[in-house]
Amino acid sequence: MRLCRPLLAATLVALTTPCFAGSLAPEANVVAVNNPPDRQSIIDLLALMSGRCKTLKVAGREFACKAVAYAHGDQGRVNFAVALDDPTDDNHVVSFSGENGKRADDNSYELPIDRMLLNSKHRPKVDGLPVPAEQTSTGVCRQTGNFAARQVKSITCSATDSSGRSYELLFVSDGTPVSVRRIRQTAPSSHDLFR
């Protein structure tokens, strides 16, 4: 699962590529695909978890997972992203996405899901990374454990999209501490980053 973390991190960045690209290169053409401009955000916290998916179902198909991550956007949107172990598609990622998550106590968090983000090798690309399709959905994710203590025990998610497809996740940690990264946005630079 550790080898898949860079792939998942790159995919999560792709979730916000149009905004991210705009902040790094203001002169570049910014392309928004499936995401209205007012809902774009830059990921400011990324937590990568180690463990296994006991259940991972996407539209009735069962999969194993390569990696699971929690991503928090600077405008409050949260994604539980799952890189699928799909032998036919190395870019197959589903994200349970929502806002206004609530913490009942230090060891439980609940996120209402209002959309699924679906990524595959067939999606349009921006800066070489596929941009996910958004599917309006209803559902919930529940996390047990505590990011501050770097321990997450499990994540369960269940959602149904507007087309009636269902998505399920039961992720169980292997006990390895969560890798938490804070990501800070920097001002655009006038020098060429690629020299």
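Let me start with a strand pair. Strand β7, residues 102–105, and strand β8, residues 108–119, pair in the antiparallel sense over 3 bridges. Bear in mind that this is a predicted model. β7 and β8 form a hairpin, and 2 residues sit between them.

Next, the disulfides. How many does the structure hold? There are 2. A quick reminder: a disulfide is a covalent bond between the sulfur atoms of two cysteines. Count the bonded cysteines along the protein chain, and the pattern reads 1-2, 3-4.

Take C53 and C65. Their sulfur atoms are 2.1 Å apart, and the two form a disulfide. The link of C53 and C65 is right-handed, with 100 degrees about the S-S bond. What does this pair tie together? C53 lies in strand β2, residues 51–58, and C65 lies in strand β4, residues 64–73, so the bond joins parts that are 12 residues apart in sequence.

Are these two cysteines buried or exposed? C53 has a relative accessible area of 11%, so it is buried, given that buried means under 20%. C65 comes out at 12%, so C65 is buried by that cut-off too.

Now the other pair, C141 and C157. They form a disulfide with their sulfur atoms 2.0 Å apart. This pair links distant parts of the chain. C141 is in strand β11, residues 133–146, and C157 is in strand β12, residues 151–161. The two cysteines are 16 residues apart. What is the handedness here? The torsion about the S-S bond of C141 and C157 is about 115 degrees, so this disulfide is right-handed. As for burial, both C141 and C157 are buried.

Last stop: T176. Where is it? T176 has its place in the loop between β13, residues 166–173, and β14, residues 179–182. T176 has a relative accessible area of 23%.

What does the side chain of T176 contact? It makes a polar contact with the side chain of D174, at 2.8 Å. There is also a pairing across the sequence to look at. T176 and V152 are 24 residues apart in sequence. In space, C-alpha to C-alpha, T176 and V152 are 8.8 Å apart.

That's the tour: a hairpin of β7 and β8, 2 disulfides, and T176 in its loop.

How values were computed. Residues are numbered from 1 along each chain as its sequence is written. This is a predicted model: local features need pLDDT of at least 70, side-chain atom pairs count only at pLDDT 80 or more; totals for chains, interfaces and linings use all residues. Side-chain values use heavy atoms; hydrogens and water are left out. A disulfide is a pair of cysteine sulfur atoms within 2.5 Å. Helices (H or I, at least four residues) and strands (E, at least two) are DSSP runs, numbered from the N terminus. Buried means under 20% relative accessible area, exposed over 50%, partly exposed in between (1.4 Å probe, protein chains only). Two strands pair if DSSP finds at least two bridges between them. A polar contact is a pair of N or O atoms within 3.5 Å; within protein, one must be able to donate a hydrogen and the other to accept it, and residues adjacent in sequence count only if both atoms are side-chain atoms.
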